[in-house]
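Hi everyone, thanks for coming. Let me put the structure up on the screen, and then we can walk through it together.

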Amino acid sequence: MSKMIFVNLPVADLAASIQFYQALGFVKNPQFSDDTAACMVWSDSIFVMLLTHAKWQTFTKRPIPAKSSSEVMLALNCADKAAVDQLCTAASGAGGTADVNPKQDLGFMYGRSALDLDGHIWEFFWMDPAAVQG
């Protein structure tokens, strides 16, 4: 079995969060979704589990951070700069907040960030394949 990552996120409104992530291009996997959780698929190896607060609290007793705070930034690579821009536009159009951090354009790397509906930071970035190999 190949390695996979499942990012678990507490969400205040499951239905709204599902719509937000679908607007970014994630696909809901009904096999691992119910009225307390939704498995949102980005690729064959990247999954985001959206969990209601009640469901989240069955996994940990640690408090859910306030929407205005941040613990991690999650980064997804994109095929090109246009895809980065498209994801930020989609996030903003779906109720998120685009460009919560300054845009980054280093020539060989381009990135932008967005907040989801619960304040989770997503970084979308493109890196020149030649720069990665060099």
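Let's start at K81, which counts as partly exposed at 31% relative accessibility. By that I mean the middle class: buried is under 20% relative accessible area, exposed is over 50%, and partly exposed is in between, with a 1.4 Å probe and protein chains only. Before I go on, a word on what you are looking at: this is a predicted model, where local features need pLDDT of at least 70, side-chain atom pairs count only at pLDDT 80 or more, and totals for chains, interfaces and linings use all residues. Residues are numbered from 1 along each chain as its sequence is written, and side-chain values use heavy atoms, with hydrogens and water left out.

So, which residue does K81 form a salt bridge with? The partner is D105, and the closest N and O atoms are 3.7 Å apart. K81 belongs to helix α3, residues 81–93, while D105 sits in strand β7, residues 104–105, so this pair ties together parts that are 24 residues apart in sequence. D105 is partly exposed, at 47% relative accessibility. For the terms here, a salt bridge is a side-chain nitrogen of Lys or Arg within 4 Å of a carboxyl oxygen of Asp or Glu. Helices (H or I, at least four residues) and strands (E, at least two) are DSSP runs, numbered from the N terminus.

How many salt bridges does the structure hold? There are three. As a general point, side chains of opposite charge can pair when their charged atoms come close. One of the others joins R112 and D85, at 2.9 Å from N to O. R112 is in strand β8, residues 109–115, and D85 is in helix α3, so the pair ties together parts 27 residues apart in sequence. Is R112 buried or exposed? R112 is buried, with a relative accessible area of 10%, whereas D85 is partly exposed at 26%.

R112 also meets D99 in a salt bridge, 2.7 Å from N to O. That pair links distant parts of the chain, 13 residues apart: D99 is in the loop between β6 (97–98) and β7, and R112 is in strand β8. Put together, D85, D99 and R112 form a network of salt bridges.

Please keep an eye on D99 for another moment. D99 is partly exposed, with a relative accessible area of 28%. D99 also has a positive phi of about 55 degrees, although it is not a glycine. For background, most residues other than glycine have a negative phi.

Now let's turn to helix α1, residues 14–23. Which of its residues are buried? They are L14, S17, I18, F20 and Y21. These residues cover an arc of only 160 degrees around the axis, which puts them on the same side of α1; the arc is that of the directions from the helix axis to the C-beta atoms. A15 and Q19, on the other side of α1, are exposed.

At the start of α1, a side-chain oxygen of D13 comes within 3.3 Å of the backbone nitrogen of A15. After α1 comes G25, whose phi is positive, near 105 degrees.

Leaving aside neighbours within four places in sequence, F20 is in contact (heavy atoms within 4.5 Å) with A91, A94, G96, L115, D116 and L117.

Finally, let's zoom out to the whole chain. The chain has four helices and nine strands. Its radius of gyration is 15 Å, close to the 14 Å that the globule rule gives for 134 residues, so the chain is as compact as a globular protein of that length. That radius is taken over C-alpha atoms, and the rule is 2.2 Å times the number of residues to the power 0.38. Along its principal axes, the C-alpha trace spans about 45 × 35 × 25 Å. Of the 134 residues, 36% count as buried. Residues 24 or more positions apart account for 50% of the contacts with a separation of 6 or more.

Notes: Polar contact = N/O pair within 3.5 Å; in protein donor to acceptor, adjacent residues only side chain to side chain.
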